[in-house]
Amino acid sequence: MTYQVIGHSVARRDGVEKVTGLAAYTSNLSLPRMLHGKILRSPLPHARIVAIDASRARRLPGVKAVLTRDTLLGDASLTYRYGHVLADQAIVAVDRVRFVGDAVAAVAAVDRDVAEEALSLIDVEYEELPAVFTAEESFGPAAPLIHETPPEVQARAAMKFDGPRPGTNICASLHIRHGDIDRGFAAADFIFEDTYSTPMQAHCPLEPHVTVADWHPSGRLTVWSSTQMPFQVRDHLARIFRLPKSQVCVLVDNVGGGYGAKTGIRLEPITSLLARLSGCPVKTMLNREEVFLTLTRHGNTFWVRTGVSRDGRLIARHIRILWDTGAYADAGPIVIFKAGYTASGPYNIPNVVIDSYCIYTNKPPAGPLRGMGVPQTTWAYEPHLDRIAAELGFDPIELRRQNIYRNGDTFVSGETLHSIDLAGCFDRALETDDWQPLGYGRRRTSPSKAASLEAANTAGSSVARGRGLACALKNTSTPSYSGATLKMNEDGTVVLLTGAVEIGQGCKTALAQITAEALSLPLERVRVATTNTDVVPFDWGTISGRTIFHVGKAIQEAAAQLREQLIALAADVLEAAPQDLELAQGRIVARGAPDKGITYEDALLRRLGIKGSGLIAHGEFRTHWYKADPGIEGCTSPFWDVGLGLAEVEVDRDTGKVRLLRYRCVADVGTAVNPALCRGQLSGATLMGLGQALFEEMLFDNGQPINPSLVNYKIPSSRDIPEVLEVNYIESGHQEGPYGAKGIGEIGVAPAAPAVASAIHDALGVWIVDLPITPEKILRALEAREATLRREAGAGAG
């Protein structure tokens, strides 16, 4: 279908203001009388707070407020424990600290230097406690308890997971049973078992966490924050301060990157309480080291066992995942829930068992990082499938094609899938060349072609070249809700009011395109309002790639109402029946006679007779969990992201260094609302995934962070970009999406690491099972393989 605005790569709405430095960010905000907040953090991973004395800090000139546990315990108006899912975190530590970096106290002062000095004057006496630093150790029965009392569940209605288990460090778990796993393994001709792991990794948004809070004398709280979820912040603050939600206003303009780090609630409770204590506006902005300690990506251990038939059908799969959620649950239960449901991959396996555990440790809290845990699970199930293909002599591409989900297949939840075209992604990815393996993969799948391997892989060369492929399936946040309000001004222009946040992805541009298309307006006559929870309708959050689908559908509903109102206004003026009228480029015209019509502005003026009157309409879109309530079908996810990545690498056998020669990303975008934005999102996600594959890892020594800076924590630079980066997409058209569109901002991350690992195996014949894929790990794998070959040769000779 041809659209007027949809499908065009129009310039970003915020492009000029961002490149000229005029874009407004919370980090730039300054208010009269504004103080600066700073946080004192724990130097120990686990300890009881014996005593805390802040008297010297209070006496320091320029200090206007000091916040300690005594503040919380002495204020009956506070509900000081909170959490994204479980209320397991206090505004500052009350009884004990649970990770290096845990907030112990906070101050507000006239400038940052005074605030820093005040922190140095706060005396804290600790009693160190036993700590646990891995999910595997914490999962065991002898592990020290990190939370002795199970915390209150805050979001049971939002997720269908098992809550905290008393007497353990399990804060949440998910258990999926699909088919008959015992019968499946009994019918399998081959069984493979592997374990994979990922470390904690960092989000690294350019703008750090920052919040400004101000209290009105009436008791109303206003907060400006760099957040992806303004309404969640509002609701949490209302609960903490025991206020009606209408008494809390959260404002968000631009957010300088989020990737999941700015979901939930972060600095807002501390900053708001400091503002109340001081009677002045307070701004708290973290330094880079503090950003690293605020939220991480879950590390995990993924055990998988798969049964396969002789003809390559995946018959059974058993999975157990331990997720390191750090000291507080944060969004961990949601991550292990969403990733758990897709942990068996994009494959139609009739017998599946998945056990996904969210485990407390004495490390920084973990949450979503561009993919809701799916990149971590993809890292396991895709290399595992490559090993199956290699051991059984199957073409890894054809083995995937044979087993992938297709429309009409039954998902592990029991629902029927639709609008899922991974097969089409394979067709697009391989239409220009066959992308066959160059090395070990070719020797196994096509022994006759071994002689034609590229010269780089011949004996005597230190450099080997290989190719690999991986694919992925990702869901989105469910259940959730988005509203959209369209206000047509008296001049015929339209303002879109939405709770969606511009975090760099271009949503204000794409949503304006949907609005313009739905109302047959030129794009320049649509404006998107700044997010203000007092004004815009509720939105669950700018997370999990949900915005274009959820808000887009709400816009379509609101636009349909506005169209009816416009046509009703024009019907009298044009002396025509409403069914004989339509909208076209800002005018209401007679069908088949476009010259007979009036502009939206004229319709409003003639009907209402005065200027200053417009129209307003509201739409909403809500999803329900699959069969959660009688009479509601619901879904595991209203749309599915699918995509794949193909990597070509060059590896130096002597140094283990990996050089990215070529990478091809293909995803199903449904409909590309803005092709340039789609390509930008897929490119950025791919590069993030490649960084996680080769460099990124948060390092700890007994809970002490070793590399919490962008000097020591390596992210991709321009030199690490593949020499050729190809970004492609298909448009299968989602049957329920706005103009067929769906979210695509995260699917590019997941295939990157396993595709690179697959290419390295093709080049060298070694498997890497733990991220990141460093030169040291490659060299160790080569040494281990050579030792194995020598042993086998010795045994054969004997």
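Contact here means heavy atoms within 4.5 Å of each other. With that in hand, take Ile-773: leaving out residues up to four places away in sequence, it touches Trp-379, Ala-693, Leu-694, Ala-753, Val-756, Ala-757, Ile-760, Ile-768 and Ile-778. Keep in mind that this is a predicted model.

**The cores**

Ile-773 belongs to the largest nonpolar core, which has 108 residues. Along with Phe-426, Leu-644, Val-756, Ile-760, Leu-764 and Ile-778, Ile-773 touches the most other members. Which helix gives this core its largest share? That's helix α19 (residues 752–764), with 9 residues. There is also a second, separate core of 48 residues, and among its members are Leu-521, Val-526, Leu-604 and Leu-677. As a general matter, nonpolar side chains in soluble globular proteins tend to be buried together.

**A five-stranded sheet**

Next up is an open sheet of 5 strands in the order β11-β20-β19-β18-β12, with mixed pairing. The edges are β11 and β12 (190–198), each of which pairs on one side only. From one strand to the next, the twist averages 5°.

β20 (residues 351–360) has a parallel partner in β19 (residues 314–326) and an antiparallel one in β11. Ile-354 in β20 is a handy landmark here: it is the bridge partner of Ile-176 and also of Ile-319.

Helix α10 (residues 332–341) lies across β11, β19 and β20, running at about 15° to β11. Helix α11 (residues 374–392) packs on the sheet too, touching β12, β18 (299–308) and β19, and its direction makes about 145° with that of β12.

**A four-stranded sheet**

Another open sheet has 4 strands, ordered β25-β24-β23-β30, again with mixed pairing. The twist averages 20° from one strand to the next.

Strand β23 (residues 481–488) runs antiparallel to β30, and Thr-485 has His-618 in β30 as its bridge partner. Helix α15 (residues 507–518) lies across β23, β24 (494–498) and β25, at about 140° to β25. Helix α16 (residues 547–574) also packs on this sheet, where it touches β23, β24 and β30 and makes about 145° with the direction of β30.

| Strand pair | Sense | Bridges |
|---|---|---|
| β11 and β20 | antiparallel | 8 bridges |
| β19 and β20 | parallel | 10 bridges |
| β23 and β30 | antiparallel | 8 bridges |

How many disulfides does the model have? The count comes to 0. A disulfide needs two cysteine sulfur atoms within 2.5 Å. For Cys-358, the nearest cysteine sulfur is that of Cys-171, 3.4 Å away, and Cys-358 is in no disulfide. Cys-358 counts as buried because its relative accessibility is 0%. Cys-507 is in no disulfide either, and its nearest cysteine sulfur, on Cys-678, is 13 Å away. Cys-507 is buried as well, with a relative accessible area of 6%.

**An enclosed helix**

Helix α7 (residues 230–240) has 10 of its 11 residues buried, so it is largely enclosed by the rest of the structure. The buried set includes Phe-231, Arg-234, Asp-235, His-236 and Leu-237. What do the buried residues of α7 pack against? Their surroundings are β4 (81–82), β14 (221–225), β15 (248–252), α8 (268–278) and β26 (531–532). Just past the helix, Arg-242 takes a positive phi of about 55°.

**One threonine up close**

Is Thr-211 buried or exposed? Buried, because its relative accessibility is 1%. Its side chain makes a polar contact with the side chain of Ser-225, at 3.0 Å. Beyond its neighbours within four places in sequence, Thr-211 is in contact with several residues, including Thr-26, Val-223, Trp-224, Leu-267, Glu-268 and Lys-283.

Terms used. Residues numbered from 1 in each chain as written. Predicted model: local features only at pLDDT ≥ 70, side-chain atom pairs only at ≥ 80, totals over all residues. Heavy atoms only, no water. Core = buried A, V, L, I, M, F, W, Y, C linked by side-chain atoms within 4.5 Å. Buried < 20%, exposed > 50% of the residue type's maximum accessible area, 1.4 Å probe, protein only. Helix = DSSP H or I, 4+ residues; strand = E, 2+ residues; numbered from the N terminus. Pairing = 2+ DSSP bridges. Axes fitted to C-alpha atoms, helices over the stretch in contact; angles between N-to-C directions. Polar contact = N/O pair within 3.5 Å; in protein donor to acceptor, adjacent residues only side chain to side chain.
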